[in-house]
Amino acid sequence: MIRLWGNYFRIIIVLISFLCLVSVCSNYIIINFTFICMKDDFSQTADVNGTLKSIYDYTPTEKKYILWAVAFGTMLGTFPINVLYVRYGARIPFFSAGVLSALTTGLTPWAAGQKMWIFVALRFLQGVAYSADFAAIGIVISKWAPLNETAIFIATLTSFTSIASIITNGVSGVICDSSLGWKWSFYLHAAACLAVFIIWVLIYRDDPTFHKSVSVKELGKIQKNKSEAHIKDGMEVPYKAIFTSPVVLTVWLCAFTELSTLIMIATYAPIYFRSVLKFDIKIIGFYLGVMTAIHLPFRFVCAFLSDKMKFISELAKIHIFNTLAVGFVGLSFLVFGQIPAEHNISAVVCLAILECFISFNSGGFYKCGTLHSRQFASTVISAIQFTKCISLFSGPALVAFFVTDESSQTQWSHVFMTLAGFTFLANILSFIFFTDKPAKWTEDSGAVKYSKKDGDVKI
């Protein structure tokens with residue numbers, strides 16, 4: 001049978017999975033940029049102490065609730081959705097999450113004009129949809145990634161946040177400044193979300209063994225050196241062992257510290273660039289897009305090096321990459337917080353360098369967690385989503401605690417220093433606990449060279 005994709009159908013699976021991840025992420029972060037232009041929409045107004053004010057001009061407290069609603073929804077949805085993934089695979093649960101994300105996004109302009117509790121409730125449901133992302137990453141990597149392509153798969157799938165920021169900031173900036181207005185940013189994102197998830201449900205299957213588009217040769221590559229327990233479904237998830245593993249707990253701490261910096265940038269960079277660095281609002285989206293995009297080539301180069309370098313041990317590579325992805329990110333954040341407004345271009349460069357250091361995470365804590373947990377990678381990686389939920393709370397909480405004047409760089413620097421301190425702690429612990437070996441609870445019962453429905457062929 002001749003296939004247009006040859007022996008690389010797994011690449012198609014990764015690409016459509018990636019687009020779905022980008023779409024769900026974009027849907028929840030649109031609000032971060034549109035906050036800027038929503039307050040200038042006077043199509044509906046209210047009288048506040050004698051002053052005519054747009055109903056979309058939210059107070060800092062209201063913005064906090066709007067952002068926290070997503071975090072709360074994601075936090076509550078993470079583990080129930082992971083249970084659905086374990087029981088039913090990723091295909092239908094992830095598709096259902098995508099439909100929910102599209103619906104809540106399309107309804108956002110309507111909800112924004114209603115009572116605050118309605119808007120917050122809708123954002124909560126959007127958080128539930130977003131909670132499906134990381135578990136999907138874990139299953140796709142566990143089922144479709146050859147062991148010697150693990151970092152490349154991780155780099156591709158976990159870059160969805162950066163790509164979502166680029167697309168959403170760019171698209172929202174253009175639409176907000178056009179005759180369409182900010183509402184159409186939500187409508188277009190919702191339509192795109194439905195489209196990519198329909199493609200997902202049509203072509204994705206959890207088990208490559210029974211996918212007619214996967215060749216014998218490709219399946220052999222996917223399953224090479226994986227244990228029988230890794231390949232087969234039905235093994236009970238050892239939750240207690242996973243949640244008490246020092247290796248896994250350290251992976252989650254590293255993920256939390258790094259994701260906290262990403263959340264801080266995605267959520268507050270537009271405000272910081274405008275209030276502290278004094279950039280014009282028209283170029284904020286452009287700078288944020290360029291700053292985020294510039295690290296992407298590094299991301300894939302780092303993943304390739306992590307998978308293909310043979311002259312350094314796997315554990316040594318994990319330590320090196322994790323130090324760059326966690327420790328050096330904290331250091332960059334410290335520097336960024338000290339750059340004054342008169343050197344605002346230097347601040348953009350510093351943040352771009354920080355994003356480049358984050359590129360090393362696919363060969364650091366992500367790879368450690370995946371190699372250590374093997375067939376339970378979806379559980380471990382979905383819990384990283386839970387740490388992201390905590391960072392969605394902790395970020396706004398830190399800002400609320402330290403920042404009373406959004407134009408005060410000193411107040412913002414306290415936030416950056418606190419986050420940097422946690423990254424340094426996580427980096428130190430990684431040298432103590434990280435390993436490249438599978439855990440005993442994965443029940444590695446020997447390498448499987450090949451297993452296919454239509455025959456047993458050894459490669």
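This is a predicted model: local features need pLDDT of at least 70, side-chain atom pairs count only at pLDDT 80 or more; totals for chains, interfaces and linings use all residues.
Local features require pLDDT of at least 70 and side-chain atom pairs pLDDT 80 or more, whereas totals for chains, interfaces and linings use all residues. Residues are numbered from 1 along each chain as its sequence is written, and side-chain values use heavy atoms, with hydrogens and water left out.

The structure contains 24 aromatic pairs (rings of Phe, Tyr and Trp, the last by its six-membered ring, with centres within 6.5 Å; planes under 30 degrees apart are stacked, over 60 edge-to-face and the rest tilted). One of them joins Trp184 and Tyr187, whose ring centres are 5.3 Å apart and whose planes stand at 90 degrees, so this pair is edge-to-face. Both residues belong to helix α8 (residues 183–203) and are 3 residues apart, about one turn of the helix; helices are DSSP runs of H or I with at least four residues, numbered from the N terminus. Trp184 is partly exposed at 40% relative accessibility, and Tyr187 is partly exposed at 33% (buried is under 20% relative accessible area, exposed over 50% and partly exposed in between, with a 1.4 Å probe and protein chains only).

In the pair of Phe321 and Phe360, the ring centres are 5.5 Å apart and the planes lie at 75 degrees, so the geometry is edge-to-face. Phe321 is in helix α15 (residues 314–336) and Phe360 in the loop between α16 (344–358) and α17 (365–373), so the contact ties together parts 39 residues apart in sequence. Phe321, at 5% relative accessibility, is buried, as is Phe360 at 18%. Elsewhere, Tyr268, Tyr272, Phe333, Phe336, Trp412 and Phe416 form one aromatic cluster.

The largest pocket has a volume of about 1100 Å³ (on a 1 Å grid, an open set of points with protein on both sides within 12 Å along at least five of seven lines, where a 1.4 Å probe fits; lining residues have an atom within 4 Å of a point). Its lining comprises 42 residues, of which Phe35, Ile36, Lys39, Lys63 and Ile271 lie nearest the centre. Two or more lining residues come from each of α1 (9–38), α2, α7 (160–176), α12 (246–275), α13 (281–293) and α18 (377–402). The largest share, 6 residues, is given by α12.

Methods
Grid points are joined across faces, edges and corners, and a volume is the space filled by probe spheres set on the points.
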